[in-house]
Amino acid sequence: MEERMDWMNIARYFYLTDERLQQISRDFADDMERALQGKPGATVSALKSYVSLPGGEERGVYLALDFGGTNVRAARIRLLGRHCYLIEKKICQPLRMAGQYDYLSSSTTAGELFDFLARLVGQVAHGHQAYTLGHTFSFALERQDLRDGRLLSWSKEIAVPGVEGQFINKLLKQALVRQRLTNIEPAALVNDTTALLLSAVYTLERVRMGLVCGTGFNACYYEPAWDMIVNLEAGDYGGLIRNRWDKAVDARSAQPGWHRMEKMVSGAYVAEIFQQTLLSYFKTRQIPDFSTAAMNDIISCDNDKQCRLKMGQLWKRIVRPDEVHPVRNIGAAIFVRAAQLAGAVSCGILRHLYGDGTVPPQSVAVDGSLLEHVRGALFMMEDAMQACQNEGVSRDKQLYAAPVLIKDGPLVGAAVAAAMAVEKR
C-alpha cells in the first residue's frame, strides 16, 4: 500500500485558484460556441428545447408531472399572472416501495409504469374538469417540438423495458385513457433544467440561465439567436484537470470516460470521491460505501464527539480525536470544488451571452440538493462567480449576476410550459 497522505496534501488537489476558475469559464464559453456552430471538438451539447421564455402573464390551472428519478411528483398549479402562482395540490410517491411494488425493475412493463404515473396525475386533478398537463422528464430525449420526445436511454436505476425509442407523452396519454382520465391532455415535455428556468423567469425578473446541481449536473440558458432555451448537457464538459481520486471514481463508474464534469460535481459522485480520498488518508484498502447526505451530515456536524461517533459508525473503524477535523476538511474541500465549478460554468455562459461587454444585472436560477442542502455551497458558488466576473479588477466589485435558489422549479416550470404550449396552438 502507498504511504498514508496528510490531509493538506489531499485537500490541495481540490483547490481552484481564481485564475484557474477564470480559465475554466473562458474555455467553457469556447466549448459552447463550438457546440452551437456544430464544429468538432465540443464536449458539451447544445440541445434545442423548442420553448422560449414566458412573459410572466400566463394564467390558468394546469397539471404538472415531475419524473426526474426514483421519486415522482404531481401537482395542480394555478398560474395567476404577474409572476404569481399557487400550488393547489401536490403529491410525491417513490417508484419503488419495499414489499409493495417496484416500478424501476426490468420485470415492470412500460404500461405498468405509465399507469402508475397516470394514477398519480389523477390524484391531483379535480373532478372531471379538462386539464392541460406539462411534464418534466429528466432523461435523454430525441425531439422535434415542445409537445413530445422519444426516449433515447434510461438512467438512475430505471431498467423498465419497452420505453426506450417511444414517445413519452404518447405513452402517458395512453395510460391516462386507460385510467379513464380522458379529460387530461399532455401538451409539453421539458427536462428539469428547462423547467427550472421557465419557473424562475415566470416568478422573477432578469433571469436568463438555470443550473441544476443535485444527483446530476446540467445547465441551460436562453439563446437569443434561436429564441429558445438551450440545454447544454454541461455534465459532459471535458476541459477539467482530474486528480487521482477523480480518475478512480470514473474508472469504477458504469460509463468510464463519460460525463467527466458530472463525476466531479454532482451528488451521485462526490461521496465516492470522498471515499477514495479516505482510502489514502487512512492508508486502508476498504471504506464502506456511504451517501452524499451522510457526507454532508459529517462535515456540517458542530460537535466533535458526535461527529467522531458518526464517522466510526459509518466507516466501521475507530477514528481518533485528532483525525476528526482533517477528515472533515477533506470532505469540505470536495464540496467547495463542486460549488466553484458550478460558478465557473455559470460565468462561462455569461461570457458567451455578453462577451467582454457589460453583463446586465440578473439572477442565475439554481436548484439541486448539493447547492440547496450542503452548508456553504451556494456561498462558494457565488464566490467563484465573483472571481470570474471580476477578472482583472478588484474582487470587491459588485456582482452582475448571482445565484438564487428556486423552489418547486420542476413542477411550476412544467405548468408554465403547458400554458405556453396552449398559447402556441
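**Packed helices and selected residues**

Reader: With which side chain does the side chain of Q362 make a polar contact?
Author: This is a predicted model, and in it Q362 is placed in strand β14, which covers residues 362-367. Apart from residues up to four places away in sequence, Q362 touches R206, R208, L350, Y354, Y400, A401 and A402. The polar contact from the side chain of Q362, at 3.1 Å, is with the side chain of Y354.

Reader: Is Q362 buried or exposed?
Author: The cut-off that matters here is a relative accessible area under 20% for a buried residue. Because the relative accessibility of Q362 is 9%, this residue counts as buried.

Reader: How are helices α2 and α11 set relative to each other?
Author: Two packed helices are described by the angle between their axes and the distance between the axes. Helix α2 (residues 18-36) and helix α11 (residues 324-354) have axes 7 Å apart and pack at an angle of about 50°, and their crossing is right-handed. With that angle, α2 and α11 are therefore oblique to each other.

Reader: How do the residues of the contact of α2 with α11 divide into nonpolar, polar and charged?
Author: On the α2 side the contact is formed by L21, I24, S25, R26, F28, A29, M32, E33 and L36, which meet Q340, L341, A344, V345, C347, G348, I349, R351 and H352 in α11. Sorted by type, the residues of this contact come to eleven nonpolar, four polar and three charged.

Reader: At what angle do the axes of α6 and α8 cross?
Author: Helix α6 is made of residues 244-252 and helix α8 of residues 270-281, and their axes come within 9 Å of each other. The crossing in which α6 passes α8 is right-handed, and the two helices are therefore oblique to each other. The angle at which these axes cross is roughly 120°.

Reader: How do the residues of the contact of α6 with α8 divide?
Author: The crossing of α6 and α8 is right-handed. From α6 the contact takes in R244, W245, D246, A248, V249 and R252, while from α8 it takes in E272, I273, Q275, Q276, T277 and S280. These residues divide into four nonpolar, four polar and four charged.

Reader: How many Å apart in space are R252 and F28, C-alpha to C-alpha?
Author: R252 belongs to helix α6, whereas F28 is one of the α2 residues that meet α11. Along the sequence R252 and F28 are 224 residues apart, and in space their C-alpha atoms are apart by 26 Å.

Reader: With which side chain does the side chain of Y103 make a polar contact?
Author: Y103 is placed in the loop between β6 (101-102) and α3 (110-124), and its relative accessible area of 15% makes it buried. Leaving aside neighbours within four places in sequence, Y103 is in contact with L95, T108, E112, L113, F116, R119 and V160. The polar contact, at 3.2 Å, joins the side chain of Y103 to the side chain of R119.

Reader: Is K263 buried or exposed?
Author: K263 lies in helix α7, residues 262-265. Setting aside residues up to four places away in sequence, K263 touches D250, S253, Q255, P256, G257, W258, Y269 and I273. Because its relative accessibility is 4%, K263 counts as buried.

Reader: What value is phi of D408 near?
Author: Most residues other than glycine have a negative phi. D408 is found in the loop between β15 (401-405) and α14 (409-424), and with a relative accessible area of 12% this residue is buried. Its phi is positive although the residue is not glycine, with a value near 60°.

Reader: And what value is phi of K283 near?
Author: K283 lies in the loop between α8 and α9 (292-300), and at 40% relative accessibility it counts as partly exposed. Here too a residue other than glycine has a positive phi, and the value is near 50°.

Terms used:
Residues are numbered from 1 along each chain as its sequence is written. This is a predicted model: local features need pLDDT of at least 70, side-chain atom pairs count only at pLDDT 80 or more; totals for chains, interfaces and linings use all residues. Side-chain values use heavy atoms; hydrogens and water are left out. Helices (H or I, at least four residues) and strands (E, at least two) are DSSP runs, numbered from the N terminus. Buried means under 20% relative accessible area, exposed over 50%, partly exposed in between (1.4 Å probe, protein chains only). A polar contact is a pair of N or O atoms within 3.5 Å; within protein, one must be able to donate a hydrogen and the other to accept it, and residues adjacent in sequence count only if both atoms are side-chain atoms. Contact means heavy atoms within 4.5 Å. Axes are lines fitted to C-alpha atoms, for helices over the stretch in contact, and angles run from 0 to 180 degrees between N-to-C directions. Angles under 35 degrees count as roughly parallel, over 145 as roughly antiparallel, 65 to 115 as roughly perpendicular and the rest as oblique. A crossing is left-handed if the near helix is turned anticlockwise from the far one by less than a right angle, and right-handed if clockwise. Ala, Val, Leu, Ile, Met, Phe, Trp, Tyr, Cys and Pro count as nonpolar, Asp, Glu, Lys and Arg as charged, and the others, Gly among them, as polar.
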